[in-house]
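Thanks for coming. Please look at the structure on the screen before I go through it.

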Amino acid sequence: AGARVPGDELPMSAEEAEQAYRLQKDFDERSRELQIMMEDGTADKADVGTLQARAQQALDRQLEKLLGPERFAALRGNIDPTTEAYRTYGDLNPTPDQAKAVVLTEQDYRAREATLARQLNEDPADAAKVTAALTALRDAREEELRQIFGAEAYDTMKRQSDPTYQALQHYAGAWNLNDSEVQQVYDRVHAFQEQADRLRSAGQLSEQAGQTVDWKAVNALIDQARQQTEIGLQNTIGPDRLSRLRQNGLLTNR
């Protein structure tokens, strides 16, 4: 596929559109080079992540210089929700009706999250209650998306697009993991990452509602969840292979 022209909806001269195309093409090529470096083992994930971030920042600076602050802000901030649904769930080839249903599901989720934030502002709750409420909202959104696309297709897409699952698949041979072990390890690690993400998100939501959040306590809960996950993994794959997972960052909260 050729480079995507950034922001077809933005007013651009032919010369600007050509420059934007070339900038995006250069960035896409650099991204592919970095991906190949990581796959070949010539650069690790941390190095590639840093280089990718720098490349994105450089692209943003060049596009802002080309388009000016207002058009650049429109390019980065005003993406049509239906277009975003097609991009996010492109692997599932959504129909127009499915894309529309996704937009409605996301809008409903954001509205419910905003309502939860208002309730917290009026009646502060402890961290456990906030986390439980946010978890219920996210679970409901996930269930709606499963209904839109079909549970099996949606779950497969989510798993295969997850960087953790991709890493486990890619390095299964090097880490001496069979197919069954890959799935067991993924289930445990993914559950931990979800729990850590929800604890942090609940803290952020409480903070946005004007509450003081004890981040030390939040981090302690995440560390406790990590330790429990590691105990389970050690029972499944043993200490040596667990150490490989640790060294490669699979037990950090993304």
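I will go through the nonpolar cores and then the salt bridges.

This is a predicted model, in which local features need pLDDT of at least 70, side-chain atom pairs count only at pLDDT 80 or more, and totals for chains, interfaces and linings use all residues. Residues are numbered from 1 along each chain as its sequence is written, and side-chain values use heavy atoms, with hydrogens and water left out.

First, the cores. By nonpolar core I mean a set of buried Ala, Val, Leu, Ile, Met, Phe, Trp, Tyr and Cys residues joined through side-chain atoms within 4.5 Å. Buried is under 20% relative accessible area, exposed is over 50%, and partly exposed is in between, with a 1.4 Å probe and protein chains only. The largest such core has 16 residues, and L168, L177, V185, L233 and L245 have the most contacts inside it. At least two residues of this core come from each of α8 (163–170), α9 (179–208) and α10 (215–247). Helices here are DSSP runs of H or I with at least four residues, numbered from the N terminus. There is also a second, separate core of eleven residues, and L92, V103, I148 and Y154 are among them. As background, nonpolar side chains tend to be buried together in soluble globular proteins.

What is L233 in contact with, leaving aside its neighbours within four places in sequence? The list is V185, R188, V189, G238, L242, L245 and L251, where contact means heavy atoms within 4.5 Å.

Next, the salt bridges. The term means a side-chain nitrogen of Lys or Arg within 4 Å of a carboxyl oxygen of Asp or Glu. Searching the whole structure gives 13 of them.

One joins R198 to D139, with the closest N and O atoms 3.1 Å apart. R198 lies in helix α9 and D139 in helix α6 (residues 127–149), so this pair ties together parts 59 residues apart in sequence. R198 is buried at 12% relative accessibility, whereas D139 is partly exposed at 39%.

Another salt bridge is between E230 and R246, at 3.1 Å from N to O. Is E230 buried or exposed? E230 is buried, with a relative accessible area of 15%, and R246 is partly exposed at 43%. Through shared partners, salt bridges also join D139, E194 and R198 into one network.

Last, R146 and E143 form a salt bridge at 3.7 Å, N to O. These two residues are three apart in helix α6, so about one helical turn separates them. R146 is partly exposed at 24%, and E143 is partly exposed at 38%.
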